[in-house]
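Please look over the following notes with the structure open beside them. They are meant for a reader who is meeting it for the first time.

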Amino acid sequence: DVSEDVEGVGGAETVSSADPVNTVFVAVGTGIVDQDGEDISSKGRVLLFQIVKGTTENVIKKEEDDEQPTSTPNAQLRLVSEKDVLLGPVTSLSRITCDNKHRLVVGAGAEVTVEQWGSVSNGATESGLQRLTQVGFFHANMQVQDLLIFKNFLLLCDAYDSLHFLVWRESDKSLTLLAKDYDPTPVYATGLISRGGAMAFVCHDDRQNFQWFQYAPKDGASRGGNKLVPRADFHLGCTTTKLRPHWCRSSLLVHSSTPGSTLVSLKNQDPSPAGFGGNTGGRREDESRFAVHYGTCDGSFGTVLPVS
């Protein structure tokens, strides 16, 4: 009597403690809605599939009496773990890597949990059982809409309470809030853009606006570092639900086709900053730019990239 619909599907690579090189997993988040609707709260599940390599035996018939067996490599998904999530449907799945340890970050309801795959001991009969174990959590205000992870930092997008900037500390296995936007803004999507050492967070709200924030603890407007400082805003005029980051290459290098023209293109750029040496030419910041691209509900496509 229970119907299960996939609310959000995400892939994540994790590794087991037994074989951290050759073991690859695919994580899937689901949402379960009971037939009674709003009378019973929704919940979800996290399914962990292991990618198992194998071969398929084929028979090639060249002539009437000449049959030659061949094998074709393939991959299969094997369900190795299943965990119920009682906080709500799973809306976000991501992977975080810190100190060469890979963990799964699950966003469901108003809570973010960090799950670890490994062996646990549950009495003498189940010693060495492999399963997902929660090692950390963070409680948001309303609903986790999206999670963006870079290094050991997390950008949490709350559906009704704007952005939260978190850090994962491996020493005590904790998710700590560094700063947030205190304006209760419904946010549909989030991303980040950077150029050199400067980085900004971008989000799209329910009024079809782009807003840019920065984590600047030394800025007076940050309230001692607890508030994300707004830097700019732009009215897009249409709705998007996902911002995808991508690395930007210098346009001068893209249009150069030979090593000689590449060197000329580098020298035609602005001089190198101090400390990088002036004999190579080129602005190093142009090779460390990240932008975001997005698709809108009316069928358009756009990109936001830093220029200075």
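1. Buried stands for under 20% relative accessible area, exposed for over 50%, and partly exposed for what lies in between, with a 1.4 Å probe and protein chains only. By this rule F150 is buried at a relative accessible area of 17%, and F165 is buried at 3%.

2. The model is predicted, so local features need pLDDT of at least 70 and side-chain atom pairs count only at pLDDT 80 or more, while totals for chains, interfaces and linings use all residues. Residues are numbered from 1 along each chain as its sequence is written, and side-chain values use heavy atoms, with hydrogens and water left out.

3. An open sheet is formed by 4 strands in the order β9-β10-β11-β12, with antiparallel pairing (strands are DSSP runs of E, at least two residues, numbered from the N terminus; two of them pair if DSSP finds at least two bridges between them). Because β9 (144–150) and β12 (174–180) each have a single partner strand, they stand at the edges, and one side of each is left without a neighbour in the sheet. Between β9 and β10 (residues 153–158) there are 6 bridges, and L148 has L155 in β10 as its bridge partner.

4. Among the 9 aromatic pairs of the structure, F150 and F165 are stacked, at 6.2 Å centre to centre and 10° between the planes (rings of Phe, Tyr and Trp, the last by its six-membered ring, pair if their centres lie within 6.5 Å; planes under 30 degrees apart count as stacked, over 60 as edge-to-face and the rest as tilted). Since F150 lies in β9 and F165 in β11 (residues 163–169), the pair ties together parts that are 15 residues apart in sequence.
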